[in-house]
Amino acid sequence: MTMTTRSLGTTGPQVSALGLGCMGMSALYGDADRTESVATLHAALDAGVTLLDTGDFYGMGHNEMLIGDALRAAPAAARERALVSVKFGALRDPDGGWAGYDGRPAAVKNFAAYSLQRLGVDHIDVYRIARLDPDVPVEETVGAIAELVEKGYVRHIGLSEVGAGTIRRAAATAPISDLQIEYSLISRGIEDEILPAVRELGIGVTAYGVLSRGLISGHFTADRQLAPTDFRAHSPRFQGDNLRHNLDLVEALRKIAEGKGVTVAQVAIAWALGRGTDIVPLVGARTRERLAEALGALDVALDAADLAAIEEAVPPGAAAGERYPAPQMAHVER
């Protein structure tokens with residue numbers, strides 16, 4: 001395995017070629033084992049992963065505290081290299097429900113204060129609102145983060161799941177390091193307008209969902225039973241005929257992977273790594289086993305013939321079903 005570095009845009013930091021998305025260690029994908037989660041975080045740091053991604057609403061603060069505990073127990077050198085990216089703004093209720101987004105400047109600073117405490121750090125490396133608050137101009141939200149940058153509480157400003165127009169408005173307000181957005185073999189919508197816009201502006205991309213929440217990992221099966229609290233139990237791509245169609249795509253991808261002697265997940269991650277040095281895929285590994293598999297993608301070389309075969313097996317727009325249920329898609333800019 002060879003861990004290289006990439007830049008989160010012209011104004012952002014240097015980070016590892018792969019980042020670790022930590023959400024599944026706390027919420028939305030069924031039960032997670034705390035001991036294994038901490039061990040996985042430590043294994044990632046030991047392997048050279050520097051970018052850890054979280055949200056203050058993942059498990060209502062649980063994920064930030066988990067990362068904070070893991071960092072405190074990590075060797076000093078690994079702790080120094082770690083960069084934490086935090087999303088904020090999602091409103092929750094005690095039943096675990098969702099109540100919109102809050103991007104008001106006062107709320108931005110309030111969210112940051114709690115995140116700093118839970119993480120046990122004196123600054124957040126990349127800070128971004130999870131989804132645009134439709135009632136607050138993006139200039140106001142980004143301006144509030146810029147004030148936190150001036151005071152040293154935040155190092156870099158990010159965006160999440162916004163369209164090209166919003167990206168341009170935000171970048172005119174303050175330097176933006178990167179955009180976090182879903183991007184994978186079966187979620188390629190950013191290629192039309194969003195990716196050209198961020199590249200024009202020198203903004204990097206942290207790509208989440210590179211395995212589409214396990215759908216294209218090669219490990220998901222049609223008969224898998226999901227808990228009601230598992231996001232996938234309500235995701236359109238995991239339902240009925242949609243799921244069967246999407247798993248057919250995975251089987252086509254499996255033939256390519258087997259021909260190279262690697263796993264389906266490694267092919268999907270390697271594809272994302274090959275989309276540009278300004279793209280940092282986030283892998284949502286919850287165990288050391290899955291982390292090791294994901295890191296193995298760093299050594300997978302895809303040549304022109306491989307890429308052509310992948311494109312034929314999983315062409316753009318091939319997936320059945322939206323990325324999110326309709327209520328959540330309403331908060332996603334395209």
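**View A. The charged end of R92 sits over the ring of W98.** In this predicted model, local features require pLDDT of at least 70 and side-chain atom pairs count only at pLDDT 80 or more, whereas totals for chains, interfaces and linings use all residues. Residues are numbered from 1 along each chain as its sequence is written, and side-chain values use heavy atoms, with hydrogens and water left out. The charged end of R92 is placed 3.8 Å from the centre of the W98 ring (a charge sits over a ring if NZ of Lys or CZ of Arg is within 6 Å of the ring centre and within 35 degrees of the ring normal). W98 also belongs to an aromatic cluster with F57 and Y58.

**View B. F88 pairs with the rings of F111 and Y127.** Six aromatic pairs are present in the structure; rings of Phe, Tyr and Trp (its six-membered ring) pair if their centres lie within 6.5 Å, and planes under 30 degrees apart count as stacked, over 60 as edge-to-face and the rest as tilted. The pair of F88 and F111 is tilted, with 5.9 Å from centre to centre and 40 degrees between the planes. Because F88 lies in strand β5 (residues 83–88) and F111 in helix α4 (residues 105–119), this pair ties together parts that are 23 residues apart in sequence. Helices (H or I, at least four residues) and strands (E, at least two) are DSSP runs, numbered from the N terminus. F88 and F111 are both buried, where buried means under 20% relative accessible area, exposed over 50% and partly exposed in between (1.4 Å probe, protein chains only). The rings of F88 and Y127 are stacked, because their centres are 4.4 Å apart and their planes are at 25 degrees. Y127 lies in strand β8 (residues 124–129) and F88 in strand β5, so this second pair ties together parts that are 39 residues apart in sequence. Y127, like F88, is buried.

**View C. V126 is located in strand β8.** With a relative accessibility of 1%, V126 counts as buried. Not counting residues up to four places away in sequence, V126 touches L8, V84, S85, V86, H156, I157, G158, S177 and D178 (contact means heavy atoms within 4.5 Å). D306 is 180 residues from V126 along the chain, and their C-alpha atoms are separated by 35 Å.

**View D. Helix α6 packs with helix α7.** The axes of α6 (residues 164–173) and α7 (residues 194–201) lie 9 Å apart, at an angle of about 20 degrees; axes are lines fitted to C-alpha atoms, for helices over the stretch in contact, and angles run from 0 to 180 degrees between N-to-C directions. That angle makes α6 roughly parallel to α7 (under 35 degrees counts as roughly parallel, over 145 as roughly antiparallel, 65 to 115 as roughly perpendicular and the rest as oblique). The crossing of α6 and α7 is right-handed, meaning that the near helix is turned clockwise from the far one by less than a right angle. A164, I167, R168 and A171 of α6 make the contact with I194, A197, V198, E200 and L201 of α7.

**View E. Helix α9 is largely enclosed by the rest of the structure.** Ten of the ten residues of α9 (residues 264–273) are buried. Its buried residues, including W271 and L273, pack against β1 (5–7), α8 (240–260), β12 (279–283), α10 (288–296) and α11 (304–313). Q266, a residue of α9, is buried with a relative accessible area of 13%. Neighbours within four places in sequence aside, Q266 is in contact with E293, G296, A297 and V300.

**View F. S37 has its place in helix α1.** Helix α1 spans residues 34–46. S37 counts as buried at 0% relative accessibility. Apart from neighbours within four places in sequence, S37 contacts M25, A32, L66 and R286.

**View G. A320 is found in the loop between α11 and α12 (326–329).** A320 counts as buried, at 16% relative accessibility. Leaving aside neighbours within four places in sequence, the contacts of A320 are R237, N242, H245 and N246.

**View H. M60 and R213 have positive phi although neither is a glycine.** For M60, phi is about 50 degrees; the residue is placed in the loop between β4 (51–55) and α2 (62–73). M60 is partly exposed, with a relative accessible area of 46%. For R213, phi is about 60 degrees, and the residue is found in the loop between β11 (204–208) and α8. R213 counts as buried at 13% relative accessibility.
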